[in-house]
Amino acid sequence: IRDVAVTGVQTWCSSDLGKLDTDWSRTVRTTIGLRGSAYGWDVRSNLAANSGTTTAGLFSPKASLALGPWRGTEFYANAGGGFHSNSGLGILLRTDPSMGEPTQASPPFARSRGFEAGVRTVAFHRAQVTGTLWYLGFDSELVYVGDSGSTEAGPASGRTGVELTAYLYPTSRLTLDADVSFSRARYTGVAAGEAFVPGALNRVITGGLAFAPP
């Protein structure tokens with residue numbers, strides 16, 4: 001295996017290009033929007049073939065629907081497109097440092113599609129509670145290749161999950177919060193025994209306490 005020495009700089013800019021909020025009635029609201037993102041990569045490698053600069057951009061649409069409130073409770077659904085950017089080491093990769101042979105570069109972005117539906121309520125005394133079911137699919141997972149010190153685009157993946165969040169207000173100055181999230185991440189289009197996504201968290205539990213002094 002050859003010695004690999006690389007440095008890289010990634011720059012980016014993301015901005016909401018436009019958003020339209022519409023109140024169809026007192027209990028029906030919708031939002032549609034478009035977000036633009038631009039990225040740039042500058043990689044310096046001891047292999048000239050794997051050095052260089054490049055730029056790329058994409059647009060991400062989004063939409064949401066809210067129904068309610070009825071007695072302090074409303075229902076909502078959100079959908080949209082997103083992405084994760086791939087590493088510049090993979091995007092500008094032309095030669096495999098471990099073998100010295102030509103190799104396939106990673107695309108700048110892996111697009112994603114997400115959807116969530118849930119309910120939020122303040123019907124409980126001194127509390128706000130939210131429950132959400134969600135799905136997130138990526139065109140590919142980013143896989144780190146230790147032998148070559150680079151990354152490559154892996155298989156497509158899908159994640160499903162449920163999340164429960166609660167804020168409690170025992171007094172006007174004290175806030176307690178808790179969040180519990182469970183998810184299932186699997187590669188798609190691969191053999192069942194190879195579907196597990198390494199390193200993907202299947203549960204996250206957080207909590208906090210906030211006090212506002214006089």
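This report describes strands, backbone features, salt bridges and a nonpolar surface patch in a predicted model.

Strand β1 covers residues 6-23. This strand is hardly covered: among its 18 residues, the count of buried ones is 0. A residue is called buried when its relative accessible area is under 20%, so none of the 18 residues of β1 falls under that value.

β1 pairs with β2, and the two strands run antiparallel, joined by 17 bridges. Strand β2 spans residues 28-45. One of the bridge pairs is glutamine 10 with tryptophan 41, the latter in β2. In a regular strand, side chains alternate between the two faces of the sheet.

Strand β3 runs over residues 52-70 and contains proline 69. The peptide bond that leads from glycine 68 into proline 69 is cis, with an omega near 10°.

Beyond β3 comes the loop to β4, and arginine 71 lies in that loop. Strand β4 covers residues 73-85. Arginine 71 is not a glycine, yet its phi is positive, at about 55°. The relative accessibility of arginine 71 is 83%; the cut-off for exposed is over 50%, so this residue counts as exposed.

## The loop between β5 and β6

A positive phi is also found at arginine 126, again at about 55° and again in a residue that is not a glycine. Arginine 126 sits in the loop between β5, residues 109-121, and β6, residues 127-138. Its relative accessible area is 44%, and arginine 126 is therefore partly exposed, as that class lies between the 20% limit for buried and the 50% limit for exposed.

The structure holds 7 salt bridges. Side chains of opposite charge can pair when their charged atoms come close.

Glutamate 74 takes part in a salt bridge with arginine 29, with an N to O distance of 2.9 Å. This pair links distant parts of the chain, since glutamate 74 belongs to strand β4 and arginine 29 to strand β2, 45 residues apart. Glutamate 74 also meets arginine 120 in a salt bridge, here at 2.5 Å from N to O. Arginine 120 is in strand β5 and glutamate 74 in strand β4, so this pair ties together parts that are 46 residues apart in sequence.

Arginine 29, at 26% relative accessibility, counts as partly exposed. Arginine 120 is partly exposed as well, with a relative accessible area of 31%.

## Other salt bridges

Arginine 44 and aspartate 42 form a salt bridge in which the closest N and O atoms are 3.0 Å apart. Arginine 44 counts as exposed at 53% relative accessibility, while aspartate 42 is partly exposed at 23%.

Salt bridges also link Asp16, Arg35 and Lys62 in a network.

## A nonpolar patch on the surface

Leu65, Leu67, Trp70 and Phe75 form a nonpolar patch on the surface. Together these residues have about 360 Å² of accessible area. Strand β3 gives the most to the patch, with 3 residues.

Leucine 65 is placed in β3. With a relative accessible area of 34%, leucine 65 is partly exposed. Patch members need over 30% relative accessible area, so leucine 65 passes that cut-off.

## Valine 145 in β7

Strand β7 covers residues 142-145, and valine 145 lies in it. Valine 145 counts as partly exposed because its relative accessibility is 24%. From C-alpha to C-alpha, valine 145 is 9.7 Å from glycine 90 in space, while the two are 55 residues apart in sequence.

Note on methods. Residues are numbered from 1 along each chain as its sequence is written. This is a predicted model: local features need pLDDT of at least 70, side-chain atom pairs count only at pLDDT 80 or more; totals for chains, interfaces and linings use all residues. Side-chain values use heavy atoms; hydrogens and water are left out. Helices (H or I, at least four residues) and strands (E, at least two) are DSSP runs, numbered from the N terminus. Buried means under 20% relative accessible area, exposed over 50%, partly exposed in between (1.4 Å probe, protein chains only). A salt bridge is a side-chain nitrogen of Lys or Arg within 4 Å of a carboxyl oxygen of Asp or Glu. Patches are made of residues with over 30% relative accessible area and no salt bridge: like charges are joined within 9 Å, nonpolar side chains (Val, Leu, Ile, Met, Phe, Trp, Tyr) within 5 Å. Accessible areas come from the Shrake-Rupley method with a 1.4 Å probe; for residues, only the protein chains shown count as cover. Two strands pair if DSSP finds at least two bridges between them.
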